[in-house]
Amino acid sequence: MSIQDFFQARGGETIFAEFDYAQLEIRVLALASNDKQLIDDINSGRDMHTYFASNIFAKPEKDITYTERRQAKAFSFELQYGASARGIANNWGVPVELTESFIDGYYKRYAGVKKYHEEGLEEVSATLSEEGDIDPDKKLAVPRFYIPSLWRDSIGMPLTEYRVLGTLNYNGESAKPPPTKVKNYPIQGAASDIVAMMLVTLSNYLNQGNEQAWLLNTVHDSVVCEISLGDEDRIIKEIKEILETVPKVLEQMFDIVCPIKFPVDCSTGTTFTEVKNIA
């Protein structure tokens, strides 16, 4: 028995429904980088993690195992967040040649992503501020950098910035921002913002006299509801459609024309174990 077994819907009256955004952060990366090839790959309906695994392990997508897909998913996320080929290889206990080949192939196919990463690092580097806390021995201020969020105003200024600290340099070189955070923060921040915005949209729907569904919680990129039995198929369909209106909400909030869809997968059960399909 797992802890998920103890989370139970009201027996015979309701079920749990988890609505999970499919490959959310890859879709946010496509939106941020505007990489045409990545956008085309996503819009084609391709399972991106299976595709990456096919390239890594040099085998057809239909032959990729669950473990291989999971490993490829981790490779792509770690690359997005600034990990090096050696770092990824060490994390997974695989030859560095394998991860180097993956990174080379990734950036070759998605040159727009590479450009986005490079331009982001350049933009953040220009925000260097060395005011504030001083190292009393070296008489050096702790370097600060400001990472812009994905969302911009009408003149292109970021609506939010994440302040991060650099490392003191004692060799006379200019301080540099942490590349992992430069890549990571805008994508994860935007993904989190999207889930929050869609929660507001969903709450408005549930508060309009709908007494057959209740919003319970979020789990990373997913939304968990409890739904009355009897008309659950209709309610699940409506909630799914609402949560998939991300492009419309982004256009309303930030005047962004979104080139990709944000599909939602749904799983149900009377316990969280059933919802998660845990054997």
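1. Of the 279 residues in the protein, 43% are buried. This figure, like the others in this note, comes from a predicted model, and it should be read with that in mind. The secondary structure comes to 11 helices and 8 strands, and the C-alpha trace spans about 70 × 45 × 40 Å along its principal axes. Where contacts join residues at least 6 apart in sequence, 58% of them link residues that are at least 24 apart.

2. The largest nonpolar core holds 65 residues, and within this core the members that touch the most others are Trp 151, Ile 227, Ile 239 and Leu 250. Helix H8, which covers residues 179–206, gives the core its largest share, namely 11 residues. Apart from this core lies another one of 6 residues, with Phe 145, Ile 147, Ala 175 and Val 182 among them.

3. Ile 227 deserves a separate look.

4. How do helices H4 and H6 lie relative to each other, parallel or perpendicular? The axes of H4 (residues 66–80) and H6 (residues 96–109) come within 11 Å and cross at roughly 70°, and the two helices are therefore roughly perpendicular to each other. The crossing of H4 and H6 is right-handed.

5. The contact between these two helices can be followed residue by residue. On the side of H4, the residues taking part are Phe 75, Ser 76, Leu 79 and Gln 80, and these meet Leu 98, Thr 99, Phe 102, Ile 103, Tyr 106 and Tyr 107 in H6. By type, the residues of the contact of H4 with H6 divide into 7 nonpolar, 3 polar and no charged.

6. Helix H4 also carries Glu 68. Glu 68 counts as buried because its relative accessibility, 15%, is under the 20% cut-off. Leaving aside neighbours within four places in sequence, Glu 68 is in contact with Ala 53, Phe 57, Lys 59 and Asp 63.

7. Ser 129 lies in the loop between helix H7 (111–125) and strand E2 (134–135). With a relative accessible area of 19%, Ser 129 falls under the 20% limit and is therefore buried. When residues up to four places away in sequence are not counted, Ser 129 touches Val 142, Pro 143, Arg 144 and Tyr 146.

8. Gln 23, in the loop between strand E1 (14–21) and helix H1 (24–33), has a positive phi of about 50° although it is not a glycine. Asp 255, in the loop between helix H10 (246–254) and strand E8 (264–269), is likewise not a glycine and has a positive phi of about 55°.

Methods
Residues numbered from 1 in each chain as written. Predicted model: local features only at pLDDT ≥ 70, side-chain atom pairs only at ≥ 80, totals over all residues. Heavy atoms only, no water. Core = buried A, V, L, I, M, F, W, Y, C linked by side-chain atoms within 4.5 Å. Buried < 20%, exposed > 50% of the residue type's maximum accessible area, 1.4 Å probe, protein only. Helix = DSSP H or I, 4+ residues; strand = E, 2+ residues; numbered from the N terminus. Axes fitted to C-alpha atoms, helices over the stretch in contact; angles between N-to-C directions. Parallel < 35°, antiparallel > 145°, perpendicular 65-115°, else oblique. Left-handed = near helix turned anticlockwise from the far one by under 90°. Contact = heavy atoms within 4.5 Å. Nonpolar A, V, L, I, M, F, W, Y, C, P; charged D, E, K, R; others polar.
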